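Let's take a friendly walk through a protein structure, one region at a time. Keep the picture open as you read, and look up each place when its name comes up.

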Amino acid sequence: MSAAPDIVIVGAGIVGAACARECARAGLRVLVLDRGPIGGGTTAAGMGHIVVMDDSPAQFALTACSRRLWQELAPELPAAVEYDPCGTLWVAADEQEMAEVHRKAAFYRERGVRVEVLEGDDVAAAEPALRPGMAGGLRVVDDAVVYPPAAAQHLLESQENTRRIEVRPGVTVAAVNEDGGVTLADGTRVRAGLAVNAAGPWSPLLAPGLPVRKRKGHLVITDRHPGFVHHQIVELGYLKSAHAVTADSVAFNIQPRKTGQMLIGSSRQFGAEGTEINSDILDRMLRRAFEYLPGLGRLSAIRAWAGHRAATPDKLPLIGPSLVSDRIWLATGHEGLGITTSLVTGRLLADHVLGRAPAIPVEPYLPARLGKGATLHA
Amino acid sequence: MNSARLSFDLVVVGAGPGGLAAASVAAERGGSVALLDNSPWLGGQIWRGEQARPAVPRARQWIERFLASGARAVMQASVFASPDRGVLLAETPAGRLTVRFKQLILATGARELFLPFPGWTLPGVVGPGGLEAMVKAGWPVAGRRVVVAGSGPLLVAVADGLRRYGARIPLIAEQAPQVRLARFATGLWRYPEKLSQAVAMKARLLGIPYRAGIWPRRAEGRERVERVVLTDGKRSWTVECDLLACGWNLVPNTELPRLLGCALAGGFVRVDEFQRSSVAGVFCVGELTAIAGGDAALVQGQIAGLSAAGAAGAARELFAERWRWHRFGAALTRAFALRPELRALAGRETVVCRCEDVSREAVERCRDAREAKLHSRCGMGPCQGRICGAATQFLFGWESDSIRPPVFPVRVESLLTASEHSKPVSNLSDPTP
Ligand SMILES: Cc1cc2nc3c(=O)[nH]c(=O)nc-3n(C[C@H](O)[C@H](O)[C@H](O)COP(=O)(O)OP(=O)(O)OC[C@H]3O[C@@H](n4cnc5c(N)ncnc54)[C@H](O)[C@@H]3O)c2cc1C
């Protein structure tokens, strides 16, 4: 890239990649910098569940819009992305959880999200590996699964985009500047019209004071056991627990990969900065999974690992101009939904840069919502 | 699931010569010692079968010495994780084992190096060591034509063994050039034991054509291997065969030391004169520290065992002997160094990672092992990169990717660490991943 790029993006994770793709499609020249390989950060550590969520109206709007963008993208995705519209099965263990199934079903139906309510027998028929006696479940038909690092690579390197996107892996950024450029670790300054901080859980290092915290998660992957489960299966049992955002926690969540492997989650911890395995939390996570899938313990495990979600205080990402300079954009804080919401993040950035009407109302995601102090440089 | 707990002053992992020696000398000096190995027998790869049917006098001596030493053998225990300092987890047929230790000696040995070449994934193309093990376990080779190819002293030993089980060996193809082997052989006078072994072997081998400076270019066949195309770099020719046993010498099993955080240098664990690794209380011996054969491992094992038992003086007395075997190992490494032409054997479409069916073309454009893993799945399969990782290290100079538990595939339930009656699951979280 000879002339200065229009946009420089720090981070070649799924979010940086989606931002680059949308901007390139809009005709802009994009430079993407990452200290590691494409998709080697949180994007390599996560599950790749493309899921509609309804914790808040803003979360629903973001996930539903982004899932639609994934559906539109699906036909062009290469096999390596392992896109699989297997759907989500939310399982209800008892009548109380079944009430939640009905509430969710009504909410989704009203908004045009395809769902099916399953009775206990239907759940057993759909997923025979589940322990008998489930009260029921909710099938969210169009949820899907991808392999995130390959998805990030496709977003950056698909034919139509390569002309306008330059990716430089192995380049560490030391500072994001108020003039829209960045300074590299070796002191070099890169000029651009707009700098995007898409550094995931490391974004606060480039924006001191940013209210983004590392929230650790563990996963275990098995050898190939095709057909063990058919949907991404998630429990509704979390409703009954205290549900504190501060304490360590686990939930049953399993994902069938197109390869036949099973990916087992999930856990959440604050204040655990390293990526080593915490055997206590892994233990709790697996025990929870065994409660739902009694046969799971006998599958062959190949690897366990941990990564960090970028968590914000209100569980919504930071998408929009930073309070420091309107030539710095933030695209971070996607917590446990960044694979899902990456595409809409890129779309909102491009909408802003081009002055288009935003795909969805942006206010809930603007960094300014968290107050000035929260996003100022120290 | 069954789960048992054991606790020892010293734990030794790997029951080959290095581990047997280490456990024996340490136990003889008191203290509780356990020797863990994933196989059902003592002796490791090199002394496989010796416990049941002794043939090598020194193997028998050491196995007997171990059995009399007071050390405890824990067989069929695959060590796969270390969730905390001083704790190992192992999977056994009876369930999961938690083993606590004050000191640890790792003697996990080496495995064969496989390099990709066209046809190497055909049925009937096998590793020499693997084939030998299968044959010893009763797999019939009588009357079959087995071309033995690749590199290293193991080729001759395996060919010899196979012949005794009735196989026909049309050829041993050693990639190392004749001049380097000759230089190595003339240096053997320093190691009379080795010299006599080599000569005895040669004598029995009379009639097996052995050629240095040649290597397989490709294996061919429809359903399985039927012939191998060999080359000396200038011309190529074909040899018919029923099996092609091909291995390129050894690579150390460094997964466990790496998991524990032991520092490596040049692909081997870095140790000091007492065989201590960079991690306090963890010693490494044998092929983990250099490919130098069973004699080196025996001496190193004794030094580590004595050091762990606090007998530094006795350990020191063995330094001179170890030095001798280190020189032997260095000569071995020089003699059988792999030639650069082997890097060009795999074509664009040749599979590099067998578990995930990844071609050379797909990994070649990556910058390192981690990127290849992320974007081509190379090394993601159940062998956990053991085969392709060593190959890509040779092909592209890549360091292996960081290591994560379990070091071996294990049942998911074996990953549980808390006691069976641990606190109930509480604090359920967001359902989102
Ligand atoms: C266990 C777990 C499970 C998850 N499951 C799901 C799921 O099922 N569905 C879902 O939608 N989401 C899931 N997520 C969340 C999802 O993985 C993340 O939200 C998403 O990957 C974030 O992408 P990102 O691009 O923002 O961050 P990252 O992928 O972390 O990318 C940031 C990049 O910035 C680079 N970088 C950082 N600092 C610098 C610097 N100074 N200079 C240069 N480069 C730098 C890093 O190297 C990295 O590549 C999960 C997360 C975890 C941890």
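Before we start, one term: two residues are in contact when they have heavy atoms within 4.5 Å of each other. Please also keep in mind that this is a predicted model.

## Where the two chains meet

With that term in hand, we can look at the interface. Chain B brings 43 residues to the contact, and chain A brings 66 residues. Between them, chain B and chain A bury about 4500 Å², and 54% of this area lies on carbon and sulfur atoms.

How many salt bridges are counted between chain B and chain A? The count is 3 salt bridges. Here is the general idea behind them: side chains of opposite charge can pair when their charged atoms come close. Two examples are set out below.

| Residue in chain B | Residue in chain A | Closest N and O atoms |
|---|---|---|
| Arg377(B) | Glu82(A) | 3.4 Å |
| Glu356(B) | Arg224(A) | 2.5 Å |

Glu356(B) sits in the loop between strand S20 (351–353) and strand S21 (358–359) of chain B, while Arg224(A) belongs to strand S13 (residues 213–224) of chain A, and the pair crosses between chains.

Which elements of chain B supply at least two residues each to the side that touches chain A? They are helix H12 (369–376) and strand S22 (410–411) of chain B. H12(B) gives the largest share of that side, with 5 residues. Sorted by class, the side of chain B that touches chain A has 18 nonpolar, 11 polar and 14 charged residues.

Strand S22 of chain B also takes part in pairing between the chains. S22(B) pairs with strand S17 (residues 300–311) of chain A in the antiparallel sense, over 2 bridges. To find the spot, look for Ser300(A), whose bridge partner in S22(B) is Arg411(B).

## Inside chain B

Now let's turn to chain B by itself. Chain B is divided into domain 1 (3–111 + 251–333), domain 2 (114–243) and domain 3 (341–402). The centres of domain 1 and domain 2 of chain B, taken over C-alpha atoms, are 29 Å apart. The contact between these domains takes 8 residues from domain 1 of chain B and 10 residues from domain 2 of chain B.

Domain 1 and domain 2 of chain B bury about 970 Å² between them, with 58% of it on carbon and sulfur atoms. Which residues in domain 1 of chain B lose the most area to domain 2 of chain B? They are Arg48(B), Arg324(B) and Phe328(B), which together make up 49% of what that side buries.

Between domain 1 and domain 2 of chain B, the count is 0 salt bridges. For polar contacts, the count is 1 residue pair, with both residues at pLDDT 80 or more. Helix H10 (residues 319–335) of chain B gives the most to the side of domain 1 that touches domain 2, with 6 residues. That side of domain 1 of chain B has 4 nonpolar, no polar and 4 charged residues.

Chain A holds an open sheet of 3 strands in the order S9-S10-S11, with antiparallel pairing. Why is one side of strand S9 (173–176) and of strand S11 (189–190) of chain A left without a neighbour in the sheet? These strands stand at the edges and each has a single partner strand, so one side of each has no neighbour there. Strand S10 (residues 182–184) of chain A is joined to S11(A) by 2 bridges, and the two run antiparallel. Val182(A) has Val190(A) as its bridge partner in S11(A).

## Some backbone details

Finally, let's visit the backbone. A cis peptide bond, with omega about -5°, joins Gly265(A) and Ser266(A). Ser266(A) lies in strand S16 (residues 261–270) of chain A. In chain B, a cis peptide bond joins Pro405(B) and Pro406(B), with omega about -5°. Pro406(B) is in the loop between helix H13 (386–396) and S22 of chain B.

Gln76(B) has a phi near 55°, a positive value in a residue other than glycine. You can find Gln76(B) in the loop between strand S3 (72–74) and strand S4 (78–81) of chain B.

Notes: Residues numbered from 1 in each chain as written. Chains lettered and ligands numbered in written order. Predicted model: local features only at pLDDT ≥ 70, side-chain atom pairs only at ≥ 80, totals over all residues. Heavy atoms only, no water. Buried area = accessible area lost by both parts, 1.4 Å probe. Salt bridge = Lys/Arg side-chain N within 4 Å of Asp/Glu carboxyl O. Helix = DSSP H or I, 4+ residues; strand = E, 2+ residues; numbered from the N terminus. Nonpolar A, V, L, I, M, F, W, Y, C, P; charged D, E, K, R; others polar. Pairing = 2+ DSSP bridges. Domains from an automatic or database assignment. Polar contact = N/O pair within 3.5 Å; in protein donor to acceptor, adjacent residues only side chain to side chain.
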